Amino acid sequence: MTDAALLLTHLNAATLCGSVPYGLVEDAAIVVRDGRIAWIGRRADLPREHAGMKARDMGGRLVTPGLIDCHTHIVHGGDRAAEFEMRLNGASYEEVARAGGGIVSTVTATRAADEETLLRNALRRADTLIAEGVTTLEIKSGYGLDIETELRMLRVARAVGAARPVRVKTSFLGAHAVPADYRDRADTYIDEVCIPALRAAHAEGLVDAVDGFCEGIAFSPAQIARVFDVAKELALPVKLHAEQLSNLGGAAMAAGYGALSADHVEYLDEPGVAAMAEAGTVAVLLPGAFYTLRETQLPPVQTLRDRGVPIALATDANPGSSPLTSLLLAMNMGCTLFRLTPEEALRGVTANAARALGLRDVGTLAPGQRADLAVWDVEQPAELSYRIGFNPLHTRIFGGAA
């Protein structure tokens, strides 16, 4: 239940606004009314109109926006531990996929699972993320690859948001892989399954954005563009798995559609960065997949910085290439593997993650924003990225309710 009014005091607020590092306001106070931030600033400057409110003392703790995991695949059947072992015995990600493993193996398990089973397992993964301060969560389809199962996945994703105090945004990912029954007929799959599934999901109100996997083992830019043309017709924003294993120019193509984000982007080149900068497309880095697949091609972080492309971070939580359900660990990986600064990592799971989902009312601490907050037992913001395997969350506030 949302508190009608709430005054938090004796805290340090990483607002992610303004020009000071982290937008940090020391010895701050936050006023919440009707689930939104009504005022935030130095405690000494608290307006008289709020002075009579009963205060909750935060004990000098750090308060940040609630964390946002802007790229996950937490609705799926089965696991791929056996393929993890295969890769450790020398098989590449492409070899596993072409042998009938990878995404297609999860498709088999997902098609066999009913909604109750999918929801039960998805909630276990969501609960782990929520326990680390996540208040907004993106969930993709893409392990059905038939109309019925794609719709089932999206219904389950919506059900996660109904069952837990977390905001869920759904992405239709019908163009994730070519199923076995359409092998070597990717264009036919797009026509007969992917586009009809997208139209059906949109008609049912299950889609917030449209995604795709643009890669040699998945779909070409031209094939993805056909799906994006339908998304445009339906007034749905797009995003894209791009330049993960090679450079097919997918990010630039997606930017041409005004994409919210291009994700992975290890092989992104200068023209792709320039196209993203012009379109305002966010680069979502996924260090969990980089780590799991033992990749060596680093995303062009400095070029993204130089061009002013916003950088987000996410878990990419999925059963194959990134079985990661810790956004705090993703922050550490982003710093350690990709050399992001701790401030970039925190912005990557708050302000820039919100942009990657097309959200304007979360990701920063400012008047008018939703009161989605995370209260941490840390002395400085860098600790959130510095520690490994340690969760310092003290309190999570969702829409003004603890």
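**One residue, then the interface**

Start with Asn332: it is buried, with a relative accessible area of 9%. That counts as buried because the cut-off is under 20% relative accessible area. Keep in mind that this is a predicted model.

Where does Asn332 lie? It lies in helix α12, residues 327-338. Leaving aside residues up to four places away in sequence, Asn332 touches Ser385, Tyr386, Arg387 and Ile388. Look at Ser385 here. Its backbone oxygen lies 2.9 Å from a polar atom of the Asn332 side chain.

Now zoom out to the domains. The domain assignment gives domain 1 as 6-65 plus 364-397, and domain 2 as 67-357. Their centres, taken over C-alpha atoms, are 31 Å apart. Domain 1 brings 27 residues to the contact, and domain 2 brings 23.

How much area is buried between domain 1 and domain 2? About 1800 Å², with carbon and sulfur atoms giving 60% of it. On the domain 1 side, Leu16, Ser385 and Arg396 lose the most area to domain 2. Together they make up 36% of what that side buries.

Next, the pairs across the interface. The rule finds zero salt bridges between domain 1 and domain 2. It does find eight residue pairs in polar contact.

Which elements of domain 1 supply at least two residues each to the side touching domain 2? They are β4 (55-65), β13 (373-376), α15 (383-386) and β14 (393-397). By class, that side of domain 1 has 17 nonpolar, six polar and four charged residues.

Methods. Residues numbered from 1 in each chain as written. Predicted model: local features only at pLDDT ≥ 70, side-chain atom pairs only at ≥ 80, totals over all residues. Heavy atoms only, no water. Domains from an automatic or database assignment. Contact = heavy atoms within 4.5 Å. Buried area = accessible area lost by both parts, 1.4 Å probe. Salt bridge = Lys/Arg side-chain N within 4 Å of Asp/Glu carboxyl O. Polar contact = N/O pair within 3.5 Å; in protein donor to acceptor, adjacent residues only side chain to side chain. Helix = DSSP H or I, 4+ residues; strand = E, 2+ residues; numbered from the N terminus. Nonpolar A, V, L, I, M, F, W, Y, C, P; charged D, E, K, R; others polar. Buried < 20%, exposed > 50% of the residue type's maximum accessible area, 1.4 Å probe, protein only.
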